[in-house]
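Please look over the sequence and the structure before reading on.

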Amino acid sequence: MRSFPSSSQTDHVQPGDLCDNLAQSLIGLAGRFTVSDFRERFRSGMENHRQEIAAILASAEDPTFQNTIAALEAAGRDLAETARLFGVVAGTSTTKDIQALEREIMPELSRHGSAIALNPQLFARVEAVYDGEMASPALSPEDRRLLERTYRGLLRSGAQLSEADRTRFADIGAELSELGTAFSQNILADEADWSLDLGPDDLGGLPGWLVSSLAAAAQDRGKSGHVLTLSRSLVVPFLTYSDRADLREKAFEAWTKRGENDGPSDNRAIMAKILKLRQEKAALLGFASYAAYKLDDQMAKKPENVRDLLMRVWEPARERAEADAAALADLAREAGQNADILASDWRYYAQKRRLRDLDVDESALKPYFALDRMIEATFDVAGRLFGLSFKEVSGVAAWHPDVRCFEVYDRDGALKGIFLGDYFARSSKRSGAWMSALRSQHKMGEGQTPIIYNVCNFSKPPAGTPALLSLDDARTLFHEFGHALHGLLSDVTWPSLSGTAVARDFVELPSQLYEHWLMVPDILEAHARHVETGDPLPKALVDKVIAAQRIDAGFDTVEYTASAIVDLDLHERTVIEPKPLETERETLERIGMPDAIVMRHRSPHFAHIFSGEGYSAGYYSYMWSEVLDADAFEAFREAGDPFEPAIAAKLHDHIYSAGDSEDPAVLYERFRGRAPNPDALMRKRGFAVG
């Protein structure tokens with residue numbers, strides 16, 4: 001078995017070894033730019049972009065792929081770079097001034113984009129190229145894909161609307177950008193403003209690592225003692241271990257009511273406005289609903305296809321969850337709780353059940369999942385599958401001192417890209433975990449290597465102690481690194497088709513698939529080692545953890561699927577005045593939501609679908625992609641080797657490096673040799689397959 005160095009042994013190189021000086025300066029700019037710098041760069045970037053578009057339109061030559069489509073790809077690069085830099089700061093290191101600029105600049109960017117997309121002269125040129133060159137043998141398959149995506153993108157952006165409707169379409173886009181920004185900032189405000197001071201009598205049942213993290217949270221807020229915040233890495237384990245039912249209920253209420261509190265951070269009216277505007281937008285484009293508009297450009301194609309998948313999983317999941325609820329209620333009664341089990345109780349008694357039935361205490365797992373070792377584990381898998389290697393770079397000044405920087409090399413020793421990791425929770429960070437790019441891969445002109453980053457919100461330990469992850473945290477780490485590999489391994493010509501710029505219900509395949517390797521025995525043996533003794537995670541405990549996942553499958557599936565169904569209902573209904581909380585309630589009643597479970601993201605803080613349009617009417621995509629990831633990993637199981645080289649090569653060529661160069665269904669079938677089998681999802685979640 002190949003050994004992998006601990007973090008203390010990882011090679012470190014100096015910043016001068018980075019791929020180019022631009023990379024160094026680009027990473028540093030995210031931390032050095034002031035609000036004035038960003039404002040100036042946004043304005044100059046938009047002006048430069050307008051001039052580039054004007055030059056395309058002023059051409060006396062007949063429209064061609066090169067002078068129109070390729071020229072559009074090359075335009076606006078300064079503006080895109082500024083937007084990516086600003087996205088880092090706004091997501092990870094925000095301030096009141098940054099938030100004010102975000103509210104100011106987002107509508108301007110929306111109107112700028114609309115002015116280009118709705119320009120009739122530009123559409124006429126693109127349409128002429130589409131009609132004249134789509135079948136041309138002079139174009140490569142990727143060229144044709146870009147041409148098709150550009151043409152369809154302009155149609156979906158309102159290019160064929162009347163002049164009056166184009167004006168209204170642009171107004172809708174600007175207003176939606178304002179509302180989405182406000183929605184996101186309101187959630188952050190609720191998370192940052194709420195805290196619960198804990199005295200010595202309030203720590204009963206909490207494991208030592210969590211007590212230390214609560215002390216660190218207090219110190220971060222300038223307090224002594226222990227403080228609970230709404231950081232997911234704190235509130236979820238508190239709900240799991242705290243013996244104080246009253247405190248669990250208080251924390252759970254605050255967690256589930258983010259965005260639903262009276263005052264300036266209330267998102268209820270914002271949700272209704274967003275839904276109404278999206279409905280109007282879809283109607284302008286001739287679609288029956290916003291869901292129909294969004295799904296028309298995805299793998300799912302139609303709302304009914306999404307609903308069929310969700311309901312196929314919902315019924316067995318709900319039945320399992322109802323049985324689990326009864327079992328947990330019995331456990332609660334045995335412990336002296338006479339009232340019905342509440343949603344705030346579920347995680348607590350589920351942990352008690354795992355301990356009783358399987359002798360699994362999740363807090364006992366954390367010493368085996370040190371953050372440094374898990375980072376190495378993600379790198380090890382990438383090395384075994386794709387031949388990548390990683391070198392940590394010292395002295396790179398990024399947007400925060402916690403950010404770590406790694407050079408990424410391919411199997412031939414050539415620099416493949418740069419990877420950055422920002423792992424710890426801060427009050428200036430929005431919650432959750434994500435991947436993005438400071439620079440995307442492409443081969444246009446001189447080309448460029450990617451600079452990809454992951455953001456997580458793990459609890460930062462006290463100085464001098466290792467950061468320990470829960471099993472869910474470790475999965476998150478693998479998930480986001482799967483996205484990062486999608487960006488790092490990208491090998492396409494055109495920026496618009498690069499990396500993760502794929503259909504929303506395909507983009508989660510590389511990330512969710514990568515999670516599977518966390519539990520591969522070789523990886524656990526090499527990296528899941530006790531932080532003090534160095535002993536590997538015992539196989540008996542691994543088997544119990546896998547069994548425990550099956551125990552929790554009903555809860556996990558119900559809380560996610562309920563959110564996806566509510567999202568679909570919110571965006572498929574066409575009413576004059578949307579009432580999102582009423583729709584949420586009616587939907588949950590209709591599908592028979594168990595009383596003791598709350599949807600994973602209640603509507604007032606459902607940032608996936610309301611902070612922007614990326615996952616709107618698209619939260620189902622995690623499950624759609626899970627059909628693909630479950631079926632894809634079975635290819636390795638069938639081969640009897642989780643690192644089978646021939647399958648890994650296909651995975652690289654047709655999934656991780658292909659970007660949006662072809663239709664995702666075609667790419668998947670090239671990898672698997674057939675369409676995905678939905679039964680693989682049911683087997684993965686432990687549900688019976690008929």
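## The largest cavity

In this predicted model, the largest cavity has a volume of about 130 Å³. A search of the whole structure finds five cavities of 30 Å³ or more.

The lining of the largest cavity is made up of 17 residues. Phe-252, Arg-347, Glu-559, Val-598 and Met-599 lie nearest its centre. Three elements, α11 (245-256), α15 (346-358) and α22 (553-572), each give two or more residues to this lining. The most comes from α11, with three residues. By class, the lining has nine nonpolar, two polar and six charged residues.

## The second largest cavity

The second largest cavity holds about 100 Å³ of space. Its lining includes Leu-275, Arg-278, Gln-279 and Tyr-290. Asp-569, Leu-570 and His-571 are also among the lining residues. Two or more residues come from each of α12 (268-284) and α22. By class, this lining has five nonpolar, three polar and four charged residues.

## Ser-657

Where is Ser-657 found? It sits in the loop between α26 (645-656) and α27 (664-672). Is Ser-657 buried or exposed? Its relative accessibility is 6%, so Ser-657 counts as buried; the cut-off for buried is under 20%.

Leaving aside residues up to four places away in sequence, Ser-657 touches Leu-489, Ser-490, Asp-491, Val-492 and His-652.

Notes: Residues are numbered from 1 along each chain as its sequence is written. This is a predicted model: local features need pLDDT of at least 70, side-chain atom pairs count only at pLDDT 80 or more; totals for chains, interfaces and linings use all residues. Side-chain values use heavy atoms; hydrogens and water are left out. Helices (H or I, at least four residues) and strands (E, at least two) are DSSP runs, numbered from the N terminus. Buried means under 20% relative accessible area, exposed over 50%, partly exposed in between (1.4 Å probe, protein chains only). Contact means heavy atoms within 4.5 Å. On a 1 Å grid over the protein atoms alone, a cavity is a set of points where a 1.4 Å probe fits but cannot get out, and a pocket is an open set with protein on both sides within 12 Å along at least five of seven lines; lining residues have an atom within 4 Å of a point. Grid points are joined across faces, edges and corners, and a volume is the space filled by probe spheres set on the points. Ala, Val, Leu, Ile, Met, Phe, Trp, Tyr, Cys and Pro count as nonpolar, Asp, Glu, Lys and Arg as charged, and the others, Gly among them, as polar.
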